[in-house]
Amino acid sequence: MRVLINVFSRIKFLIATILKKHEKHEKHENHENHENHENHEKHEKHEKHEKIEGKMEISLEQNILGANDKISDELKEYFSKENILCLNLMSSPGSGKTSLLVKTLSVLSKEFSMAVVEGDLQTDNDARRIAETGVQVVQINTNGGCHLDAKMVKDSLKSLNMNGVEILFVENVGNLVCPAEFSVGEDHKITLLSVAEGDDKPQKYPTMFHSSAVMLLNKVDLLPYVDFDTIKAREHASALNKNIIVFPVSCRTEEGLEAWYDWLRAEVAKKKSAIAFENAE
Ligand SMILES: Nc1nc2c(ncn2[C@@H]2O[C@H](COP(=O)(O)OP(=O)(O)OP(=O)(O)O)[C@@H](O)[C@H]2O)c(=O)[nH]1
Ligand SMILES: [Mg+2]
(Lines give C-alpha, C1' and ligand atoms only; values in the text may rest on other atoms or scores of the structure.)
(Ligands and ions follow the chains in the order given, each with its own letter.)
Protein backbone atom coordinates (compact mmCIF):
# COMPACT_ATOMS: atom_id res chain seq x y z
CA MET A 1 0.00 0.00 0.00
CA ARG A 2 2.84 2.35 0.94
CA VAL A 3 4.58 1.59 -2.32
CA LEU A 4 1.39 2.50 -4.19
CA ILE A 5 1.16 5.77 -2.26
CA ASN A 6 4.79 6.53 -3.12
CA VAL A 7 4.29 5.80 -6.81
CA PHE A 8 1.11 7.86 -6.80
CA SER A 9 2.76 10.83 -5.10
CA ARG A 10 5.72 10.59 -7.50
CA ILE A 11 3.36 10.65 -10.49
CA LYS A 12 1.44 13.56 -8.96
CA PHE A 13 4.72 15.42 -8.53
CA LEU A 14 5.72 14.76 -12.15
CA ILE A 15 2.34 15.88 -13.46
CA ALA A 16 2.60 19.07 -11.38
CA THR A 17 6.11 19.67 -12.82
CA ILE A 18 4.87 19.17 -16.37
CA LEU A 19 1.89 21.48 -15.82
CA LYS A 20 4.24 24.08 -14.39
CA LYS A 21 6.48 23.81 -17.45
CA HIS A 22 3.42 24.11 -19.67
CA GLU A 23 2.18 27.14 -17.73
CA LYS A 24 5.59 28.79 -18.17
CA HIS A 25 5.39 28.28 -21.89
CA GLU A 26 1.87 29.65 -22.05
CA LYS A 27 2.95 32.75 -20.18
CA HIS A 28 5.86 33.06 -22.54
CA GLU A 29 3.55 32.84 -25.56
CA ASN A 30 1.18 35.51 -24.24
CA HIS A 31 3.95 37.92 -23.39
CA GLU A 32 3.10 41.25 -25.02
CA ASN A 33 6.68 42.37 -25.41
CA HIS A 34 7.84 39.14 -26.89
CA GLU A 35 10.97 40.24 -28.66
CA ASN A 36 11.43 37.25 -30.85
CA HIS A 37 8.15 36.62 -32.62
CA GLU A 38 10.00 35.04 -35.52
CA ASN A 39 10.75 32.14 -33.30
CA HIS A 40 7.13 31.69 -32.38
CA GLU A 41 6.62 28.66 -34.57
CA LYS A 42 9.74 27.06 -33.18
CA HIS A 43 8.52 27.87 -29.72
CA GLU A 44 5.16 26.17 -30.33
CA LYS A 45 6.96 23.09 -31.60
CA HIS A 46 9.09 23.15 -28.50
CA GLU A 47 5.95 23.19 -26.37
CA LYS A 48 4.63 20.08 -28.12
CA HIS A 49 7.98 18.42 -27.54
CA GLU A 50 7.75 19.23 -23.83
CA LYS A 51 4.32 17.56 -23.65
CA ILE A 52 5.65 14.40 -25.28
CA GLU A 53 8.68 14.48 -23.02
CA GLY A 54 6.32 14.71 -20.06
CA LYS A 55 4.48 11.55 -21.09
CA MET A 56 7.75 9.70 -21.55
CA GLU A 57 8.93 10.89 -18.17
CA ILE A 58 5.83 9.49 -16.44
CA SER A 59 5.97 6.07 -18.06
CA LEU A 60 9.71 5.82 -17.50
CA GLU A 61 9.26 6.58 -13.79
CA GLN A 62 6.49 3.97 -13.57
CA ASN A 63 8.71 1.38 -15.24
CA ILE A 64 11.65 2.05 -12.95
CA LEU A 65 9.52 1.91 -9.82
CA GLY A 66 7.65 -1.15 -11.13
CA ALA A 67 10.88 -3.03 -11.82
CA ASN A 68 12.17 -2.13 -8.38
CA ASP A 69 8.97 -3.26 -6.69
CA LYS A 70 9.21 -6.64 -8.40
CA ILE A 71 12.68 -7.32 -6.96
CA SER A 72 11.67 -5.82 -3.65
CA ASP A 73 8.75 -8.27 -3.46
CA GLU A 74 11.13 -11.17 -4.20
CA LEU A 75 13.37 -9.99 -1.37
CA LYS A 76 10.39 -9.64 0.97
CA GLU A 77 9.42 -13.24 0.23
CA TYR A 78 12.99 -14.40 0.83
CA PHE A 79 13.27 -12.49 4.14
CA SER A 80 9.95 -13.84 5.25
CA LYS A 81 10.86 -17.43 4.37
CA GLU A 82 14.23 -17.13 6.13
CA ASN A 83 12.77 -15.36 9.18
CA ILE A 84 14.91 -12.24 8.68
CA LEU A 85 13.78 -8.85 9.93
CA CYS A 86 14.98 -6.30 7.37
CA LEU A 87 15.17 -2.62 8.30
CA ASN A 88 15.94 0.21 5.89
CA LEU A 89 17.69 3.10 7.70
CA MET A 90 17.30 6.48 6.03
CA SER A 91 18.18 10.09 6.87
CA SER A 92 19.99 13.19 5.68
CA PRO A 93 23.77 12.84 5.48
CA GLY A 94 25.26 12.84 8.96
CA SER A 95 22.12 12.35 11.10
CA GLY A 96 23.75 9.38 12.79
CA LYS A 97 22.76 6.19 10.91
CA THR A 98 26.19 4.55 11.23
CA SER A 99 26.57 5.73 14.83
CA LEU A 100 23.20 4.18 15.67
CA LEU A 101 24.21 0.93 13.98
CA VAL A 102 27.56 0.75 15.78
CA LYS A 103 25.83 1.14 19.17
CA THR A 104 22.99 -1.24 18.28
CA LEU A 105 25.27 -3.97 16.94
CA SER A 106 27.58 -3.74 19.96
CA VAL A 107 24.69 -4.22 22.37
CA LEU A 108 22.47 -6.68 20.47
CA SER A 109 25.10 -8.96 18.95
CA LYS A 110 24.96 -10.99 22.19
CA GLU A 111 21.27 -11.65 21.50
CA PHE A 112 20.87 -11.79 17.73
CA SER A 113 22.68 -12.78 14.60
CA MET A 114 22.84 -9.62 12.45
CA ALA A 115 24.26 -8.36 9.17
CA VAL A 116 24.56 -4.95 7.54
CA VAL A 117 24.34 -3.67 3.99
CA GLU A 118 26.06 -0.29 3.79
CA GLY A 119 25.09 2.12 1.02
CA ASP A 120 27.38 5.00 0.23
CA LEU A 121 28.05 7.28 -2.71
CA GLN A 122 31.75 6.71 -2.72
CA THR A 123 33.67 5.46 0.30
CA ASP A 124 33.77 2.36 2.51
CA ASN A 125 34.25 4.45 5.67
CA ASP A 126 30.96 3.32 7.22
CA ALA A 127 31.50 -0.36 6.36
CA ARG A 128 34.85 -0.21 8.13
CA ARG A 129 33.20 1.29 11.24
CA ILE A 130 30.61 -1.52 11.20
CA ALA A 131 33.28 -4.22 10.66
CA GLU A 132 34.97 -3.11 13.90
CA THR A 133 31.92 -4.37 15.82
CA GLY A 134 32.57 -7.87 14.45
CA VAL A 135 29.23 -7.98 12.61
CA GLN A 136 29.39 -8.98 8.94
CA VAL A 137 28.94 -6.13 6.51
CA VAL A 138 28.90 -5.55 2.77
CA GLN A 139 29.48 -2.18 1.12
CA ILE A 140 27.54 -0.93 -1.90
CA ASN A 141 28.99 2.10 -3.63
CA THR A 142 26.31 3.79 -5.73
CA ASN A 143 28.95 5.89 -7.57
CA GLY A 144 26.94 9.07 -7.26
CA GLY A 145 23.47 7.44 -7.10
CA CYS A 146 21.35 9.06 -4.40
CA HIS A 147 19.66 5.90 -3.08
CA LEU A 148 19.90 2.12 -2.90
CA ASP A 149 17.52 0.01 -4.92
CA ALA A 150 16.25 -3.54 -4.52
CA LYS A 151 18.60 -5.00 -7.14
CA MET A 152 21.68 -3.54 -5.44
CA VAL A 153 20.60 -5.05 -2.13
CA LYS A 154 19.72 -8.40 -3.70
CA ASP A 155 23.14 -8.59 -5.39
CA SER A 156 24.97 -7.55 -2.23
CA LEU A 157 23.46 -10.42 -0.22
CA LYS A 158 25.64 -12.84 -2.19
CA SER A 159 28.62 -11.44 -0.25
CA LEU A 160 27.04 -12.16 3.14
CA ASN A 161 26.44 -15.42 4.93
CA MET A 162 22.72 -15.09 5.51
CA ASN A 163 22.33 -18.44 7.29
CA GLY A 164 20.66 -17.79 10.62
CA VAL A 165 20.68 -13.99 10.28
CA GLU A 166 17.80 -12.55 12.31
CA ILE A 167 18.17 -8.84 11.60
CA LEU A 168 19.46 -7.29 8.38
CA PHE A 169 20.11 -3.56 8.57
CA VAL A 170 20.35 -1.62 5.33
CA GLU A 171 21.98 1.79 5.75
CA ASN A 172 20.73 3.82 2.81
CA VAL A 173 22.58 6.70 1.16
CA GLY A 174 22.32 9.92 3.18
CA ASN A 175 19.45 11.73 1.46
CA LEU A 176 16.03 12.79 2.75
CA VAL A 177 14.19 12.38 -0.57
CA CYS A 178 15.01 9.49 -2.95
CA PRO A 179 15.61 6.49 -0.62
CA ALA A 180 11.98 6.55 0.54
CA GLU A 181 10.75 5.86 -2.98
CA PHE A 182 12.72 2.66 -3.54
CA SER A 183 11.75 -0.25 -1.37
CA VAL A 184 14.50 -2.81 -0.77
CA GLY A 185 12.34 -5.62 0.62
CA GLU A 186 12.37 -4.16 4.12
CA ASP A 187 9.83 -4.92 6.84
CA HIS A 188 10.10 -1.32 8.00
CA LYS A 189 11.64 1.96 6.98
CA ILE A 190 13.36 3.78 9.84
CA THR A 191 14.11 7.49 9.58
CA LEU A 192 16.62 9.38 11.69
CA LEU A 193 16.27 13.11 12.19
CA SER A 194 18.99 14.83 14.17
CA VAL A 195 18.04 17.86 16.22
CA ALA A 196 20.61 19.97 14.39
CA GLU A 197 18.54 19.72 11.19
CA GLY A 198 15.42 21.64 12.31
CA ASP A 199 12.02 20.49 13.53
CA ASP A 200 10.29 21.31 10.21
CA LYS A 201 11.94 18.48 8.26
CA PRO A 202 8.94 16.09 8.41
CA GLN A 203 6.81 18.85 6.85
CA LYS A 204 9.39 19.60 4.16
CA TYR A 205 10.23 16.00 3.25
CA PRO A 206 6.91 14.22 3.88
CA THR A 207 7.41 10.99 1.90
CA MET A 208 10.18 9.72 4.13
CA PHE A 209 8.29 10.32 7.37
CA HIS A 210 5.01 9.17 5.90
CA SER A 211 6.50 5.83 4.94
CA SER A 212 8.51 5.15 8.11
CA ALA A 213 7.44 3.01 11.05
CA VAL A 214 9.94 4.74 13.35
CA MET A 215 11.49 8.19 13.63
CA LEU A 216 14.61 8.36 15.77
CA LEU A 217 15.22 11.91 16.95
CA ASN A 218 18.98 11.70 17.31
CA LYS A 219 21.57 13.95 18.96
CA VAL A 220 19.26 15.03 21.79
CA ASP A 221 22.45 15.82 23.74
CA LEU A 222 22.65 18.89 21.47
CA LEU A 223 19.16 20.19 22.37
CA PRO A 224 20.47 22.90 24.73
CA TYR A 225 22.45 24.41 21.85
CA VAL A 226 19.98 24.33 18.95
CA ASP A 227 16.51 25.70 18.20
CA PHE A 228 14.69 22.43 17.90
CA ASP A 229 11.18 21.93 19.25
CA THR A 230 10.78 18.21 19.94
CA ILE A 231 7.00 18.52 20.39
CA LYS A 232 6.64 20.26 17.02
CA ALA A 233 8.78 17.65 15.26
CA ARG A 234 6.63 14.89 16.76
CA GLU A 235 3.44 16.69 15.73
CA HIS A 236 4.64 17.23 12.16
CA ALA A 237 5.61 13.56 11.83
CA SER A 238 2.38 12.30 13.42
CA ALA A 239 0.29 14.52 11.13
CA LEU A 240 1.80 12.63 8.19
CA ASN A 241 1.76 9.22 9.79
CA LYS A 242 -0.36 8.73 12.87
CA ASN A 243 1.30 5.38 13.65
CA ILE A 244 4.88 6.60 13.59
CA ILE A 245 6.84 5.65 16.71
CA VAL A 246 9.23 8.32 17.95
CA PHE A 247 12.37 7.56 19.96
CA PRO A 248 14.38 10.57 21.16
CA VAL A 249 17.94 9.26 21.43
CA SER A 250 21.57 10.24 21.62
CA CYS A 251 24.11 7.94 20.05
CA ARG A 252 26.76 9.90 21.94
CA THR A 253 25.39 9.59 25.50
CA GLU A 254 23.25 6.49 24.74
CA GLU A 255 20.20 8.26 26.20
CA GLY A 256 16.96 6.67 24.95
CA LEU A 257 18.62 3.79 23.10
CA GLU A 258 17.17 1.11 25.39
CA ALA A 259 13.66 1.88 24.06
CA TRP A 260 14.94 1.40 20.49
CA TYR A 261 16.56 -1.94 21.44
CA ASP A 262 13.30 -3.07 23.06
CA TRP A 263 11.41 -2.18 19.88
CA LEU A 264 13.88 -4.27 17.86
CA ARG A 265 13.52 -7.21 20.24
CA ALA A 266 9.74 -7.02 19.93
CA GLU A 267 9.91 -6.84 16.12
CA VAL A 268 12.14 -9.92 15.90
CA ALA A 269 9.72 -11.80 18.19
CA LYS A 270 6.74 -10.60 16.12
CA LYS A 271 8.36 -11.74 12.89
CA LYS A 272 9.16 -15.18 14.33
CA SER A 273 5.67 -15.71 15.69
CA ALA A 274 4.11 -14.63 12.37
CA ILE A 275 6.19 -17.23 10.54
CA ALA A 276 5.40 -19.90 13.15
CA PHE A 277 1.69 -19.10 12.73
CA GLU A 278 1.95 -19.34 8.92
CA ASN A 279 3.77 -22.68 9.13
CA ALA A 280 1.18 -24.05 11.53
CA GLU A 281 -1.69 -23.23 9.18
N1 LIG B 1 26.54 15.13 19.46
C2 LIG B 1 26.18 14.02 18.81
N3 LIG B 1 26.84 13.67 17.69
C4 LIG B 1 26.46 12.54 17.07
C5 LIG B 1 25.41 11.72 17.55
N6 LIG B 1 25.23 10.70 16.68
C7 LIG B 1 26.14 10.86 15.71
N8 LIG B 1 26.90 11.97 15.94
C9 LIG B 1 27.98 12.48 15.11
O10 LIG B 1 27.42 12.90 13.88
C11 LIG B 1 28.36 12.67 12.81
C12 LIG B 1 27.71 11.87 11.71
O13 LIG B 1 27.37 10.59 12.21
P14 LIG B 1 27.22 9.31 11.27
O15 LIG B 1 26.82 8.21 12.16
O16 LIG B 1 28.42 9.15 10.43
O17 LIG B 1 26.00 9.79 10.37
P18 LIG B 1 25.40 9.05 9.08
O19 LIG B 1 23.96 9.34 9.07
O20 LIG B 1 25.79 7.63 9.08
O21 LIG B 1 26.13 9.83 7.91
P22 LIG B 1 26.16 9.42 6.33
O23 LIG B 1 26.40 7.96 6.25
O24 LIG B 1 27.29 10.24 5.81
O25 LIG B 1 24.84 9.83 5.78
C26 LIG B 1 29.55 11.97 13.44
O27 LIG B 1 30.56 12.93 13.70
C28 LIG B 1 29.00 11.42 14.74
O29 LIG B 1 29.98 11.29 15.75
C30 LIG B 1 24.74 12.12 18.74
O31 LIG B 1 23.81 11.49 19.24
N32 LIG B 1 25.18 13.28 19.33
MG1 LIG C 1 26.73 6.50 7.59
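β6, α8 and β7 form a right-handed β-α-β unit, where right-handed means that, with the strands pointing away from the viewer, the path from the first strand over the helix to the second runs clockwise. Helices (H or I, at least four residues) and strands (E, at least two) are DSSP runs, numbered from the N terminus. Bear in mind that this is a predicted model, in which local features need pLDDT of at least 70, side-chain atom pairs count only at pLDDT 80 or more, and totals for chains, interfaces and linings use all residues. As for labels, residues are numbered from 1 along each chain as its sequence is written, while chains are lettered from A and ligands numbered from 1 in the order in which they are written.

**The chain overall**
- You'll find nine helices and seven strands in the protein chain.
- Of its 281 residues, 34% are buried; buried means 20 or more other C-beta atoms within 10 Å of the residue's own, exposed means 12 or fewer, and partly exposed is in between, with C-beta atoms placed from the backbone.
- Take the contacts in the protein chain with a separation of 6 or more: 77% of them come from residues 24 or more positions apart. A contact here is two residues whose C-beta atoms, placed from the backbone, lie within 7 Å.

- β5 and β6 pair in the parallel sense over five bridges, and I190 has V214 as its bridge partner in β6. Pairing takes at least two bridges found by DSSP between the two strands.
- β6 and β7 also run parallel, joined by four bridges, with V214 opposite I245 in β7.
- On helix α8 (residues 230-240), the buried residues are A233, H236 and A237. They all lie on the same side of α8 because they cover an arc of only 95° around the axis, taking the directions from the helix axis to the C-beta atoms.
- Those buried α8 residues pack against β5 (188-194), α6 (201-204), α7 (206-210), β6 (214-218) and β7 (245-248).

**Around β2**
- Strand β2 (residues 114-120) is mostly covered, with seven of its seven residues buried.
- M114, V116, E118 and D120 point one way from β2, while A115, V117 and G119 point the other way.
- β2 pairs with β4 in the parallel sense over five bridges, and V116 stands opposite F169 in β4.
- β2 also pairs with strand β3 (residues 136-141), again parallel, over six bridges; here G119 stands opposite I140.

**L157, in a loop**
- L157 lies in the loop between α5 (150-156) and β4 (167-171).
- L157 counts as partly exposed because 19 other C-beta atoms are within 10 Å.
- The C-alpha atoms of L157 and A115 are separated by 9.6 Å, though the two are 42 residues apart along the chain.

**The ligand shell**
- Ligand 1 is surrounded by 17 residues, the closest being G96, T98, S99, G174 and C251; a residue is near a molecule if its C-beta atom, placed from the backbone, lies within 6 Å of it.
- Helix α3 (residues 97-108) gives the most to this shell, with three residues.
- By type, the shell splits into three nonpolar, nine polar and five charged residues. Ala, Val, Leu, Ile, Met, Phe, Trp, Tyr, Cys and Pro count as nonpolar, Asp, Glu, Lys and Arg as charged, and the others, Gly among them, as polar.
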